[in-house]
Amino acid sequence: MPTVSVSRKRPLLSRIPVVHQVRQSVGLQRGMLLAGLAITGIFLIAAFFAPAIAPYGFSQLHDASGSFGAQQPPSPAHIWGTTVGGYDVFSRVVWGSQTALGVIVVSVVLSIFAGIFLGLVSGYFGGWLDRVLVVVCDAVYAFPSLLLAIVMSIVISGGQSKLWGGILAAAISITVVFIPQYFRVIRAEAVRIKAEAYVESARVVGAGNGRIMFRHVLRNATRTLPLIFTLNSSEAILTLAGLGFLGFGIEPTAASEWGYDLNKALSDVTSGIWWTALYPGLAIVLVVLGVTLVGESLNDLADPRLRGRRAVAKASGDVAETSVVPGGTLAAPGGVGELEGAGLLGDDGIEVRS
Amino acid sequence: MTTTVTGAKAPTGPEPSAPASARRRRRRSSGGLARYIVIRAVLILPTIFILVSLVFFLMRSTGDPITAALGGRLTPDQLAVRIHAAGYDRPLLVQYFEYLGQIFTGNFGTTLSDNQPVTEILTHYGSATLELAFYSLIVAFIVGIPLGMVAAYFRDRGRDAALRVFAILCYATPVFFAGLLLKLIFSIWLDVLPVAGRASTGSELQMELLPHKTGIYLIDAFQTGSMAVVGDVLQHAVLPAVALGLLTAGVFLRLVRTNVIGTLSTDYVDAARSRGVGEFRLVRKHAYRPALIPIITVIGLQIALLLGGAVLTETTFEWKGLGFELAHYLQARDFVAVQGMVALLAVIVAVTNFVVDIIAALIDPRVRY
Amino acid sequence: MTNVVEIEELGVSFATDAGAVKAVDGVSLTVAEGEVLAIVGESGSGKTVTAKTILGLLPETATASGAVLLTSRDNQSTTDVIAVSKQRLREVRGRDVAMVFQEPSTALNPVYPVGWQIAEGLRAHGSYSRSEARERAIEVMRLVGIPEPEVRVKYYPHQFSGGQKQRIVIAMALVLNPGLIVADEPTTALDVTVQAEILDLLRRCRDEFGAAIVLITHNMGVVADLADRVAVMYQGKVIEQADSRTLFSAPREEYTKRLLAAVPHVGQGRAITRERADTRAEGWSGQAPVVEAKGLRIQYPGRLGRPGFVAVDDVSFQILPGEVLGLVGESGSGKTTTGRAIAGLTRVTGGSLRVLGHEMNGIREREFRKSRKDIGFVFQDPASSFNPLLTIAECVAEPLIVHGRARDPQAARARVDELLEAVQLPRAYGERFPHELSGGQRQRASLARALALDPQLLIADEPTSALDVSVQARVLELFAELQRELGFAALFISHDLAVVDLLADRIGVLYQGRLVEEGTGEAVLESPKDRYTQRLLASLPVPDPAVQAQRRQRLHELRAPLA
């Protein structure tokens, strides 16, 4: 049986997306990436282990010792206090991470598939379909995403947040907002790649559209997706919170949602009650901060212009050891053809443009 | 250096040189600015048409607005009478074309709950939103653009990292949370700024009596001639402007930083450096100005973010503008009003984007000539 | 005579993803007043890095050691660029040393008028009033041969042609009358006829303004035209230094000799062509042509109802089986468009183009697809002609799979190995990814892919223009060998007359979309009839200083406006 003999030189570990980038990064860039990863990690842990971490349920109003009481300041029993509705703030913040994660996953997954498909077809084939889709997506893209999400959530749930269909409703609302973004990115990539010599080469060879689209264009077009994924995740959280704040979120009995809690805390602030607003708000800020830090760092690392590199010791003898042509011949014995090992150096972009 | 040009050295004939790409670029720009403006203006119409249609069909796909608003409160018979009276029982397409016709004549419908024309809401509350957007754009420009240049100048050093985290924080903080925090600190704990509203009742009364009200409080305050009123209006504006402005400032900061770093690695910056131009001037003149063109285009898209943010900010600070009203109608489940206002906002967004694109074209000499 | 710049034991290292890379290693050079020193070398030799070090323009990822001593024109001050403070460096730049860049269209800031940019250099070094600075900008623009400088001082860069932009870049370098100008590949981005004009201008910088020039180039013809002295760099070291005549007539180092031998020059291909013509069977010329163009016209669609750009206009030629036609022309001449039309990548809009019996004007892709197995195409840019996610073997197998010769890359492997061997790549390279190959290796793999199905016609679009000269020689040799063995007809597109001469049986010269001359290599190159061909030929610098001086004379005589 013939085995696929594809030898990749990089070790397995560094082929896992983020691990490779962490190794590649240096200095402050590495610091920002690691900080982002740490915060995102905490968020994920909170979401997965919410039942174990949270002392109470998200809609629990009393325990064995009686009712929690409304607007109680932080105390040993309720370390972050209780809300105007009588819920435990800490528990709601922890449970809220589960809701946020669910919405992110559903919305991003839905929009990725729809957006990629439309973008690929539109960018590759061009023509009138492309023009129409571009105008539609540009129009939707330019429109305030929060307003669109509101309209969508009215459509989906009639503006009433029912049982946990609310999560789905919020996720789908956000999906509709995101599709144009994925569409734009993938379409732009498809248009760019379509003009690359290797696609033209496939066309000269006589490959059909399907083969070109999936074997050559799609695989190369999806490289930027991890980046958009992180950036959109943060936007999903903000949109969800915005919806919740305007009263289109999820009922407190259905799930915990940070934006809804902030809405309820609006009047608390005027009377100086800070804990009901502070903690859910901080949760939003931290998660968005973490995810965005990861996304921005990945972006910088993917762009050689923005990527930082380790400083080199002042040019000295020992550097020369590691210096020259990787894998090429140093001296040029034999034919002139041997000289072209030197061409490899050019690939580092040093000679050409430094 | 007093040499004169001798005959042999003067350029001879048309140089068959210009790289194909350059030639193509020149051809494209030869039509001039006027042509560009016309084409761009024509493009507004499909945008508005698409958004208005989208909103109409989405809002109506779940049923008629009367059932949505009064659903549980009236008997089915009463509902049917109301629906028939408003014409919501006709075929959807008939209603759609009627709606398009109305919008074409500038009629965005009448609210269900308080029977007000939507355009009336705009004239009433638009000025407040305009004022808020203006203040927050000032904050965003003052904070975002210089800091973006500073971050680009110190790229990958401590100051840059700090500024980037600041930018992400600006963006990561929902405006309503930023608003709540600002309120808590400055209005409740320090008690130096007002909690909410556009002006105190006294000032509003004074402005109400003016013969030529503009609705833009700052202008009206100056009209009253009382510095106390002006101060009062400005005090009320500080917190909302900062809350909304910082959100946009974070976006601007990142945008300016990335674009300036991008242009800093171009040849023409190196060329200017080789002429002995100082580093700071390189950032300020050579890198910033070319970076400005993509920046302005993106700023156009930020108008949408700003409007979305205005809804939340106005709700947080009870700033009686379009966003506050929209939230109010949402709460009242008055979807006729919501549909009208969203359609109206679509028109506003499309027109602002047009204006921003024209500004970008004016800055780019490749389009201007 | 004093030296304008003395470089002592210069070493430069870069931080890259792969760790530290030493680009320049112990380089020592001097440039005397009013002298042109050419630093030649192939990519990766460290010549550009050396040049940028003279102005202290290294990026932050670089560290330098040694000394670069710059002496000002009045001999008043000497500065070590490597050790000096930022402030001092700023003062030296532009006043003692200036730079001319490779790509004039990126070296000018697109959003400022050129006059403003010239004046900026002045204002950075002293106080000038606005009108003084403007006067000086106009003066220097006139000196470099910009017509009507009073008007054009207010123009933006995009309003100038490529050659004029390079003149303006040179004007910027001259404005403070520096003792040294560093010119980094100043003519590489320009067409050959414009190149000759810019070289004349640089010569005037030396002769009339007394500026010394450090000329960085890979083009031996340019060296022969302009340089007084030559330094050859290889892998970060200067391996040979000599005055220009000595270097070309009696090179000392083996590398230099090979480098010079690899430069193609007009006239080399004649013997081969004649030999081939002699061995052709009788009745060969009566065969049906593989490609036949009659009044071919290709117009790109314009935007929004505007007339499109006519890239090819009324062009007629034919390629017989087994024949190599070379198409030569400068940028915008329509040579690439013609090649793409034959491969069915660009729509024909007028006239007739028959390829392998198909009329291409109005053909549908579906009808043409079967014939694609008989056409091979080699693209210009070796960096982008392979899908970065597939191995070389998978890429080369692609045509075999598409045309049903093999089910999957494994089944095609035997043929792929054969092909790789034919283009002299080790079999093991099939497992590598495109980025793991050098430019020349990739271009050979590209040739293997084009030949996978034994095509009757091969189209090569500037296949060697992105390669170093020694690599180019190897690829051209391989191309000729394979053509001899396999006997395919070929269209070889290039901007370089010498390269085309090496391979082609017949040569066509395109100028602004029209075929101005066509004939055998001998006829076109030895007795060109068209004025443009004559000028093109005369503009091509040859790697021999003595001969080049004579040719320059001839070119100046030809420099009348083209009809």
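Let me start with a term: buried area is the accessible area, taken with a 1.4 Å probe, that two parts lose on being put together, summed over both. Now the model. It is predicted, so local features need pLDDT of at least 70, side-chain atom pairs count only at pLDDT 80 or more, and totals for chains, interfaces and linings use all residues. Residues are numbered from 1 along each chain, chains are lettered from A as written, and side-chain values use heavy atoms, without hydrogens and water.

Look at chain B. An automatic or database domain assignment sets the domain bounds. Domain 1 is 31-113 + 336-369, and domain 2 is 126-331. Their C-alpha centres lie 28 Å apart.

What do the two domains bury between them? About 1,400 Å², with 83% of it on carbon and sulfur atoms. Helix H15(B), residues 335-363, gives the most to the domain 1 side, with 12 residues. Helices here are DSSP runs (H or I, at least four residues), and strands are runs of E, at least two, both numbered from the N terminus.

Next, helix H12(B), residues 267-274. Is it buried or exposed? Eight of its eight residues are buried, meaning under 20% relative accessible area (1.4 Å probe, protein chains only), where exposed is over 50% and partly exposed lies in between. Among them are Tyr268(B) and Arg273(B). The cover includes helices H11 and H13 of chain B. It also includes helices H1, H3 and H4 and strand E6 of chain C. After H12(B) comes Gly276(B), with a positive phi near 95°.

Conventions:
Contact = heavy atoms within 4.5 Å.
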